[in-house]
Structures are given as C-alpha cells and as structure tokens.
There are 2 protein chains.
Amino acid sequence: MSQTIAHLGPVGTYTEAAALICQAWLTQNDVSNQYQLKPYPSIALTLEAVARGEVPLAIVPVENSLQGGVTMTMDTLWRLDQLQIHAALVMPIQHALLSHATSLEQIKQVYSHPQALGQCPLWLAENLPQAELIPANSTTEGIQYLSNPTIAAISSQRAAQLYGETVVACPINDHQDNCTRFLLISREAAPGGCFTSLALSLKANQPGSLLQLLQAFADRGINLSRIESRPSKRSMGDYLFFLDMEGDTRDPLAQAALSDLKSNSEMLKVFGSYDLLPDEFVRSVL
Amino acid sequence: MSQTIAHLGPVGTYTEAAALICQAWLTQNDVSNQYQLKPYPSIALTLEAVARGEVPLAIVPVENSLQGGVTMTMDTLWRLDQLQIHAALVMPIQHALLSHATSLEQIKQVYSHPQALGQCPLWLAENLPQAELIPANSTTEGIQYLSNPTIAAISSQRAAQLYGETVVACPINDHQDNCTRFLLISREAAPGGCFTSLALSLKANQPGSLLQLLQAFADRGINLSRIESRPSKRSMGDYLFFLDMEGDTRDPLAQAALSDLKSNSEMLKVFGSYDLLPDEFVRSVL
C-alpha cells in the first residue's frame, strides 16, 4: 500500500530533508508499505491535511536550537484535535550562501526564510554588511532570483545541488551546533516511547498555579525536558504551556502525574509517547 | 535638552506609534527635555545603540497577545549588558488591508511583516484565498508596490494616512483584542514600579530545577505574570527563562525571592522595576 507524508515544500527545504529521513525509517520498519512525499505551502496546511484524514502522516519542525519553538506548529497542534506524535528526530542544520557573485562585496540582497536569516546574523553583519536581508516563505524561494549576481540566497547544500546552484560559503550559521527537532504526526494512537508531549491551559492565573503543575512531575522524579509558553489568544497575559516529559504515558508514575495535571488544568492535550530516531540513522540518510 | 528615542522604522510602523506615545509621556513628565524619534533598521540595532550610549532611549516590542514573545527583543536583552526597563505600554493593534484593487478578487499578492501576516490567517483564508502571502521586513515595506492594483499590504490605518493610501478593509485581524506590549529601554537605573522583569539560565537541567526557581516566588505569594523559555543557543534542550513578576525589587519580599533565585541560577539578569503606562493615556495619543 502507498502512504503519503505531508511536508512544508517546496523540494529542497530542510523539512523535505526531514521527510526523506522519515520515509527511509518507515520503509525500513514496514516493508509492506511504500511511502511518498507530498509538499504543502504551509505548516498549518500539512497538519490540517492529517486532521481531515486526507493524508496519514505529516512531518513538521517544532523547535530550533537557536531560534526556539516553531510557533505555527505549536499553535496548530493546540487548535486541531486527534493529532498524535509518532516519532521525533533532530537534524543538524548547516546553512550555505548560494550566489553567482564573484565576490562577497558584489552581493546587495540576501533572500531566505526569517528563521534562517535569524540563525546567521553575526556572519552576515561581518561578511555582508552592505546587503539588505529579505525574508522569504522558504529557504528555497530566493533561488529563483540567482541569475542576478547581486542577489544571494541562504539555503542548504542539498538545495544547491538540486537546483544546480553555486555555494559561495558554507556553513554560515553563527553556531555550529545548529539543529532542528521535527515531529512525525498522525491521527493513529502514538506508539509509546521515552518522551511524552502535552499542552495545557491553566485554570487560573494566580501565584503558584504553574508551580502546582510542575510539582506533579518533580514529586515523582520525572524530568521535563522542555517547557514553553504560548499566548492563549484570549487576552494579554493568558498563556498555554507546552511540556515535554521524559517517560511513557503507560508508566504508572507518569499516569499519576498526568492525573494530577488534569485536575489542575483547564484543558489538557496529550500528544502521546514516542521515541527519538537514532542520530546515526539520521546522519546515514542525509 | 534634546533626547533621542530609537525605534524600529520606518515611519508608519506600530513601533513608531509606540515611540510617539512614549514621547508624549516623557514630555508630559519632564518639560525641561525635548524628545525626538530616530528610526533604525532592526530591533537589535535600536538596543545596541542604547547599550553603546549612542542614544539614551529605545522602544521595542516584547510580546503580542496572539503571536507571543518577540524573540529578537528577548535574545538581544539577554546578550547586551546594562539595559534597564523604564516603562511598559500595551497598544491595541488593528490591521488594515491597503490596496488600489477595486475588488478583493483582484488581489494576487499580500505583503506584510510575518507577525502581521500571522495575526490575520483566518481572514486572509476566507477573503483572499487566491492571494500569495509575502513576508516583508516591516508592515510598511509593501506600501511601495501598491501602484499595482493586484498587490495589497497589511499595515495600520495611520500608515495609510501617512502614505496617502486606500484602506480596503479594517480591522482584518482574527482576534479583536489583538495588542502588543512595548518596553522603553535605557542604560540608566530603572525607576521602580509594579512590575519587575528578569531572565536567567539554570545551573542544571534536572527534575525540579525550574520548580525550585518558581518556589522562590510562590512561597512569598508573588505572582509571575509571564514565564517564557528561550534556547540558550548552547545545545538543544538547554534554555533560558524570562520572567515578569508583580512587585518592585526594593520590596523586602521581592529581594528575598531574587536572592533565592540568584543562588539557584547560573546567570541572573534583572532588567529592573517599572510601571505600565495607563491605558487611557495610550488611547489619548493614538
């Protein structure tokens, strides 16, 4: 049978590379199915396609080690129902400067996705102080303008190969350990694993209400690997919290913590328990 | 004497409107000084100008009620030293669609800052399903293309007046209580007030380390009005926390909480205590 993995397009984006890794991993674990990729114009549309049952799987970026949470992913996961996490993977991100310029001084404009521009500010300030930075909808969008040698695009080496473009400099990200975590999403029940992700809104904004919530984990020695707040969109100062805990929802200690959490929160969404793809596997596909 | 307030430009942006409100407030409270505005091309550059002593004041957006924290502001406040918060203000945000189109069907491209595009997704999906959304560096950048009637820009009614452009629809933001909080920043010691902002990195990522930190406030009945994590940029899963507490650093209870916090954190930055400008004053200037 053929199964489709939805991802933010077009071809050559980092999310497509993550989708290729998932495709290889799924194929290896389930040889009875074939997996094909389908690009969508936004993260929200990929997740909505899964929620509607149009496609069984989607891969979305959730967090970058420099830029933080991907708010579109978090807000859409909260808004839609039935979505579960089937796996996570951490992909190293190395940005390349693509251009037909013969010297860096010649470059007047640099196109890229705001996240990518935000990951290279020091390199850009030092090496292209004269260039205007232009946000684009993806890391590959600027590639169409490269016939003009005063223009550059920040993208990946893989995109340069795919589109037959020249890499002027790589890596240009300010921190060498730049990486992005992706989630594989489905409507089917999560498989279980070492990590559990959830999101909740508090009953009341009062001293200690977040504390009470964290106490449910600390009392049981459960580590939270991430806590991130997002606006509830109801009023300024009213927040949701996204939490990643170490442990499986089927573990009795985790169940007790989640039960405490449920009684202390206004709304609780558990996105399920899942594992992280091994780093060696991720690197073997890239 | 003449004092300069740095802000993200150009003329017509929401940050410039916030700077005008601060200018009116400062002038009212200190008639011996005159205050003039100076636009900068990025939030980081406005804060760096204050840190270097080039200008005494800067106004920066820190949080939107729909889109959440302004990461550029938070990351730059953490990176630079000596910056203190002198006041905060909450400004209502109403987005307008500017275009020369004679019907919505005619519009093929919509330019705006990614934050503004992110505040109108439902309105855009319903009313301009055919249009491509193009991110820009500011809410006014797209105005230069409006002589082409297939192009629209999302900006403010004030920008439409300033640039002599036509408003096709307003408000177009999905939530009517859309607002942004701004901070007035200076190198001088903060004046004191009802709110204190701080940021810290944890000593160790272990069960209960964030809990211990929140306990310092809850034990003393101090409410945290905001907690937001940001990546430390050292490695995936290592975070900073930005906290807003209700209270003044000169209050003995707050001092005790901050002392606890200092011993439990690797690095603690206190941005000072300050007041929120009254809502009536903000509305009277707009």
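How many of the 9 residues of helix α2 (residues 43-51) of chain A are buried? Bear in mind throughout this tour that the model is predicted.

**First stop: helix α2 of chain A**

Select residues 43-51 of chain A. This helix is mostly covered, with 8 of its 9 residues buried. To see them, colour A:I43, A:A44, A:T46, A:L47, A:E48, A:A49, A:V50 and A:A51, the buried residues of α2(A). Next, display the elements of chain A that cover them, which include the strands β1 (2-8), β2 (34-40), β3 (57-64) and β11 (179-186), together with helix α3 (71-79). Then move to A:G53, which follows α2(A) and has a positive phi, near 85 degrees.

**Second stop: α2 and α3 in chain B**

Turn to chain B and select helix α2 (residues 43-51) and helix α3 (residues 71-79); their axes come within 9 Å and cross at roughly 30 degrees. The two helices, α2(B) and α3(B), are therefore roughly parallel to each other. The crossing of α2(B) past α3(B) is right-handed. Show side chains here: α2(B) contributes B:I43, B:A44, B:L47 and B:E48 to the contact, while α3(B) contributes B:M72, B:T73, B:T76, B:L77 and B:R79.

Now select helix α7 (residues 209-218) and helix α8 (residues 252-264) of chain B, which pack at an angle of about 170 degrees with their axes 8 Å apart. This angle makes α7(B) roughly antiparallel to α8(B). On the α7(B) side, the contact is made by B:Q212, B:L213, B:A216 and B:F217; on the α8(B) side, by B:A257, B:D260, B:L261 and B:N264.

A search of the whole structure, over all chains, finds 0 disulfides. Select A:C120, which is in no disulfide: the nearest cysteine sulfur belongs to A:C170 and lies 9.8 Å away. With a relative accessibility of 0%, A:C120 counts as buried. In chain B, select B:C170, which is likewise in no disulfide; its nearest cysteine sulfur is that of B:C120, 9.8 Å away. B:C170 counts as partly exposed, at 29% relative accessibility.

**Last stop: both chains together**

Finally, display the two chains side by side. Select the residues at which the chains meet: the same surface serves both copies, since 100% of the contact residues of chain A recur in chain B.

Methods:
Residues numbered from 1 in each chain as written. Chains lettered and ligands numbered in written order. Predicted model: local features only at pLDDT ≥ 70, side-chain atom pairs only at ≥ 80, totals over all residues. Heavy atoms only, no water. Disulfide = S-S within 2.5 Å. Buried < 20%, exposed > 50% of the residue type's maximum accessible area, 1.4 Å probe, protein only. Contact = heavy atoms within 4.5 Å. Axes fitted to C-alpha atoms, helices over the stretch in contact; angles between N-to-C directions. Helix = DSSP H or I, 4+ residues; strand = E, 2+ residues; numbered from the N terminus. Parallel < 35°, antiparallel > 145°, perpendicular 65-115°, else oblique. Left-handed = near helix turned anticlockwise from the far one by under 90°.
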